[in-house]
Amino acid sequence: MKNYFIEKPSQTILDQVKHKIDLKTKPLGSLGQLESIAKKICLIQQTRSPKLSHPAMLVFAGDHGLTDENISAFPQEVTHQMVLNFLSGGAAINVFCQQNQINLSVVDAGVNHTFAHHPDLIDRKIGFGTANSLHEEAMTNKEFNQAMAAGAQLADRKFTKGCNIIGFGEMGIGNTSASSLLMSAFTDCSLEDCVGRGTGIDDQELQYKINVLQKVYAQHKAKLNDPLTFFRCVAGFEMAMMLGAMVQAAENKMILLIDGFIASAVFLAAYQQYPNLMCYALFCHQSDEHGHQSLLDHLGQEPILKMNLRLGEGTGCALAYPIIQSSVAFINQMASFESASITNKP
């Protein structure tokens with residue numbers, strides 16, 4: 001596996017950025033989170049005049065062998081059906097990306113389906129779904145490295161085309177289960193506090209899901225000393241590919257838009273290995289999925305939106321993007337007290 005180098009942005013420009021923000025025609029701090037977003041983007045880009053270029057969304061799709069244990073409200077074939085929906089333009093992520101002029105790419109990372117050629121589908125299939133993590137490692141070391149490299153290559157491709165802000169979405173029946181396992185592994189939260197209803201299961205089904213995941217956790221907990229080994233034992237191909245894309249995007253000093261529970265769990269795993277990843281990430285929303293608030297609290301991050309979403313696909317990223325645009329717009333275009341000839345507070 002490639003050894004990624006993620007550089008912590010220099011803080012030397014921070015005082016200049018704060019000074020520019022504080023002299024805008026407003027009370028100090030009155031633009032709230034917009035100001036903190038603007039500061040972070042300025043640090044990433046090492047400028048007092050940041051810009052957003054060619055925003056992109058990568059949606060990775062893959063299937064999970066663990067769905068053989070009936071842990072999801074929906075059958076596995078919904079994964080490939082939703083991919084077809086993405087390709088026909090009918091999903092929420094299509095609507096929001098089109099609305100906000102975000103370039104959307106759909107990636108087959110490991111769906112249990114053979115797709116006909118489609119100009120808008122990027123084929124990076126590692127396999128037809130992962131192995132059942134209840135009985136064996138979800139993916140081999142070779143498969144994991146292949147997925148990581150494919151994700152990195154896709155992020156790199158966006159970067160070379162001028163993209164400097166990239167969102168990460170996913171589609172994969174069973175991936176909330178994998179995310180719950182990752183959250184429990186890398187936080188102080190019990191598995192029960194991490195497991196949610198995913199696509200919608202009742203109380204009895206939820207308890208069954210918890211019981212299955214406890215067995216999966218016990219099967220692989222010996223690998224916890226190596227975060228990425230534990231990750232490959234329980235996660236999906238779409239998650240591994242997303243992880244590779246995240247770390248490569250951060251190495252390229254791009255702005256990372258982190259979506260809901262699944263994307264945050266992938267980020268959490270990557271963060272164990274690459275702590276400077278945090279310097280490049282904006283957490284776009286707090287999902288309604290059980291456990292996401294605790295995960296964000298663990299990371300010490302304030303989400304941009306809280307709208308009771310639990311759809312995935314990268315929808316939170318696309319919805320938050322106009323707010324991020326506003327943070328860049330105000331620091332670049334808003335008048336200062338001096339330029340507007342307005343008396344500042346003494």
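Biologist: Lys 26: buried or exposed?
Modeller: Buried, with a relative accessibility of 7%. Buried means under 20% relative accessible area, exposed means over 50%, and partly exposed is in between (1.4 Å probe, protein chains only).

Biologist: What does the Lys 26 side chain meet in a salt bridge?
Modeller: Glu 35, at 2.9 Å from N to O. A salt bridge here is a side-chain nitrogen of Lys or Arg within 4 Å of a carboxyl oxygen of Asp or Glu. Glu 35 is buried too, at 5% relative accessible area.

Biologist: What sort of model is this, and which cut-offs apply?
Modeller: The model is predicted: local features need pLDDT of at least 70 and side-chain atom pairs pLDDT 80 or more, while totals for chains, interfaces and linings use all residues. Residues are numbered from 1 along each chain as its sequence is written, and side-chain values use heavy atoms, with hydrogens and water left out.

Biologist: OK. How many salt bridges by that rule?
Modeller: The count is 6. One of them joins Lys 2 to Glu 251, with the closest N and O atoms 2.9 Å apart. Lys 2 sits in the segment before helix H1 (14-22) and Glu 251 in helix H10 (237-251), so this pair ties together parts 249 residues apart in sequence. Helices (H or I, at least four residues) and strands (E, at least two) are DSSP runs, numbered from the N terminus.

Biologist: How accessible are Lys 2 and Glu 251?
Modeller: Both count as partly exposed: Lys 2 has 41% relative accessible area, and Glu 251 has 23%.

Biologist: What does Lys 125 pair with?
Modeller: Asp 108, at 2.8 Å from N to O. Lys 125 is in the loop between E3 and helix H5 (141-160), and Asp 108 is in strand E2, so the pair links parts 17 residues apart in sequence. Lys 125 is partly exposed at 22%, whereas Asp 108 is buried at 2%. There is also a network: Glu 137, Lys 223 and Arg 232 are joined by salt bridges that share partners.

Biologist: Switching to the sheet. What is the strand order?
Modeller: E3-E2-E1-E4-E5-E6, an open sheet of 6 strands with parallel pairing. E3 and E6 (281-283) are the edge strands, each pairing on one side only. Strands pair if DSSP finds at least two bridges between them.

Biologist: How many bridges join E4 to E5?
Modeller: 4, and the two strands run parallel. Ile 166, for instance, has Leu 256 in E5 as its bridge partner.

Biologist: Where does H3 lie?
Modeller: Across E1, E2, E3 and E4, at about 140° to E4. Axes are lines fitted to C-alpha atoms, for helices over the stretch in contact, and angles run from 0 to 180 degrees between N-to-C directions. The buried residues of H3 (78-88) are Val 78, Thr 79, His 80, Val 83, Phe 86 and Leu 87.

Biologist: What do those buried residues of H3 pack against?
Modeller: Strands E1 (56-62), E2 (103-110), E3 (121-123) and E4 (165-171), plus helix H4 (92-99). Just after H3, Gly 89 has a positive phi of about 85°.

Biologist: Which residues touch the most other members in the largest nonpolar core?
Modeller: Phe 168, Phe 231 and Leu 256, in a core of 111 residues. H10 gives the most to this core, with 11 residues. A second, separate core has 10 residues, including Ile 13 and Leu 14. A nonpolar core is a set of buried Ala, Val, Leu, Ile, Met, Phe, Trp, Tyr and Cys residues joined through side-chain atoms within 4.5 Å.

Biologist: Val 247, then. Where is it?
Modeller: In helix H10. Val 247 is buried, at 0% relative accessibility. Its C-alpha is 7.3 Å from that of Ala 152, 95 residues apart along the chain.

Biologist: And what is Val 247 in contact with?
Modeller: Leaving aside neighbours within four places in sequence, Tyr 4, Ile 6, Met 148, Ala 270, Tyr 274 and Leu 277. Contact means heavy atoms within 4.5 Å.

Biologist: Last one. Where is Asn 344 found?
Modeller: In the segment after helix H13 (315-333). Asn 344 is partly exposed at 33%. Asn 344 and Thr 25 are 319 residues apart in sequence, with their C-alpha atoms 8.1 Å apart. Beyond neighbours within four places in sequence, Asn 344 is in contact with Leu 23 and Phe 337.
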